[in-house]
Amino acid sequence: MSALPAFEAVAVDYWAVAPMLVVVAGALLGVLVEAFAPRESRHSAQVALTVGTLVAAFGVLVWRSVNHHSVTFGGSVAVDGPALFLQGALLVMSSVAVLVMAERFGGVGGDAFTPMGASTPGSSQEAAAAKAGYATSEVFPLTLFAVFGMMIFVSANDLITMFVGLEVLSLPLYVMTGLARRRRLLSQEAALKYFLLGAFSSAFFLFGAALIYGFAGSTDLAKIQSAIAQGTTGMDGLLVPGVLLLIIGLLFKVGAVPFHMWTPDAYQGAPTPVTGFMAACTKVAAFGAILRLVYVGVEGSRWDWRLGIAAIAILTMVVGAVLSVTQTDVKRLLAYSSIAHAGFILVGVLAFSKAAVSGVMFYLVAYGFATIAAFAIISMVRQGGSEASHLSQWAGLGKRHPVVAAVFSLLLLAFAGIPLTSGFTAKFAAFAPAVTSGGTAGVLMVIVGVLASAVTAYVYVRIIVLMYFTAAPEAGEGEEVVALMPSIGTTVAITVGVLATILLGIWPGWALDLAGRAAQFML
Amino acid sequence: MTNPYVPLLILLALGFGFAALSVGTSLVVGPKRYNRAKAEAYECGIQPTPRAQGGGRVPIKYFLTAMLFIIFDVESVFLYPFAVAFNQLGLFALVEMVLFIITVFVAYAYVWKRGGLEWD
């Protein structure tokens, strides 16, 4: 056998990637807990381990990684300002989301997850499993694996690494989507749709990566950047289709129109705490990857594809806002609202300036915290044990549960972008760069964005009116709709969401400053 | 007219046009005769069977075994190139490989303890 070329070990900056290593180690430990811990102690052990891991990873990130900006693993992982900011946001948000997932309402109705994922919905096996006290505590290690994938995703500086991150974050989410305790069939259908369309989008991404490799001769974003800067490589026709396919693959994940078809179904079918996690953290991760791809990798060719993506942004805002008007299910309504928000964020992304990066990052944080809290509240409002997700069931909630209704109203006002909430500051931060540096297309997008915000504001205000000024349906039509008393974990999660919404609305300076200082890509 | 994408667009239009034309024509001129057999689920000409006993549960032993085999098989494939080049790779690769094998073993322990390797 002929001699192999000399092997060169890549230099690894371990402190830079330490938070990711902590998360994956915690996930592996979680799998072992699942295998060896006795059933009664699994749930509490998993919750403690998961939250502990996420907090520890955040601690390591703040303590060491912020001083270790570097491009490591042979150029495939870039730990720079945006990566660290978004990783930190992901870790905090996912700890909050895990607190909501751990909710068991003191044993009333159990947690949000099916006792036995492999059983047929509604079958006797499932009933037996519920009676025996089974629980799918695998959701906690799955969450950690998903967070690990998201952290890779926002720091991936190579298309292959980006793809690995995409899959590592997606696969656990497909499983978690299908685990709802109530309405299992809907949940499994959602999981299948999410999986099929997710696989479809991965194919788009890979095809794009192949075309870009054909153009640049490398999957490294830095090398792609220099190949574009060079002008011509003899394979110029591959560049624009490749970029578009890559971006389409990523836009699937954020649910931009026309790649949004899975979003309402997956959001409605998934267990509500998982929906909150998915809505907040997947958006952060996917927009992190989009930012890195279009600002670092293919920024030089932006004049060739910018208008197409701008059209998608406009379509996303309009469709998301208009379709949210007709929804009668709270979870589907928030799904369409998340589609509209994806459009608003895209407006910021397309401004191509440093201010835009910080604006987008600020938007993601503001939206994420409000979303997790909103879905936590949806998981508390119940009728006869199962979630009262139909809008008519929320009528008159303000009279019986004033605190719950007030908090939900605040979060809705934040989604609408009313001043003095985080939503207003975030929209301003994302739209301002589009006006100043986005050109005519940017101004047009902002006009559409403001109009779409007005449409969504109508939707949110309608819910508030429903909760406060509409009489509850007569008693006798089944059980009364109640908001269950949340445990400490959910209370903390909702409190964090509310505090973030108010703080980032009234006193956003420090957070905007932090995002601004973190907005510099390394390459 | 030198834009290289114009031929692609023409091809795209031709593709869509062909599909629309064929489907549309058969919709308009094709005969439509519905009967019960036509509306049934297609099972290669066999009478469709009702749902399996016990609420549609089917044994997935073979499926599970095959899945586990593929997972561990693919992971152990990575050991071969490592073993061939072991002399040149040095300590770093050895440590990486040990970490990789530990990861696989965590999955193995989970499968084992949760009964994934039991046939009955």
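I began with helix α8 (residues 221-230) of chain A, which packs against helix α11 (residues 272-297) of chain A at about 40 degrees, with axes 9 Å apart. That angle makes α8(A) oblique to α11(A) (under 35 degrees is roughly parallel, over 145 roughly antiparallel, 65 to 115 roughly perpendicular, the rest oblique). Axes are lines fitted to C-alpha atoms, for helices over the stretch in contact, with angles from 0 to 180 degrees between N-to-C directions. Helices are DSSP runs of H or I with at least four residues, numbered from the N terminus.

This is a predicted model, where local features need pLDDT of at least 70 and side-chain atom pairs count only at pLDDT 80 or more, while totals for chains, interfaces and linings use all residues. Residues are numbered from 1 along each chain as its sequence is written, and chains are lettered from A in the order in which they are written.

Next I listed the contacts (C-beta atoms, placed from the backbone, within 7 Å): L221(A), I224(A) and Q225(A) in α8(A) meet R292(A), V296(A) and G297(A) in α11(A).

Then I turned to helix α14 (residues 354-380) of chain A and helix α20 (residues 509-517) of chain A, which pack at about 130 degrees with axes 8 Å apart. That makes α14(A) oblique to α20(A). S358(A), M361(A), F362(A) and V365(A) of α14(A) meet A511(A), L512(A), A515(A) and G516(A) of α20(A).

Last, I checked helix α4 (residues 61-77) of chain B: its 17 residues should span 24 Å at 1.5 Å a residue, and its end C-alpha atoms are 24 Å apart, so the two agree (the expected span is 1.5 Å times one less than the number of residues).

Notes
Helix = DSSP H or I, 4+ residues; strand = E, 2+ residues; numbered from the N terminus. Contact = placed C-beta atoms within 7 Å.
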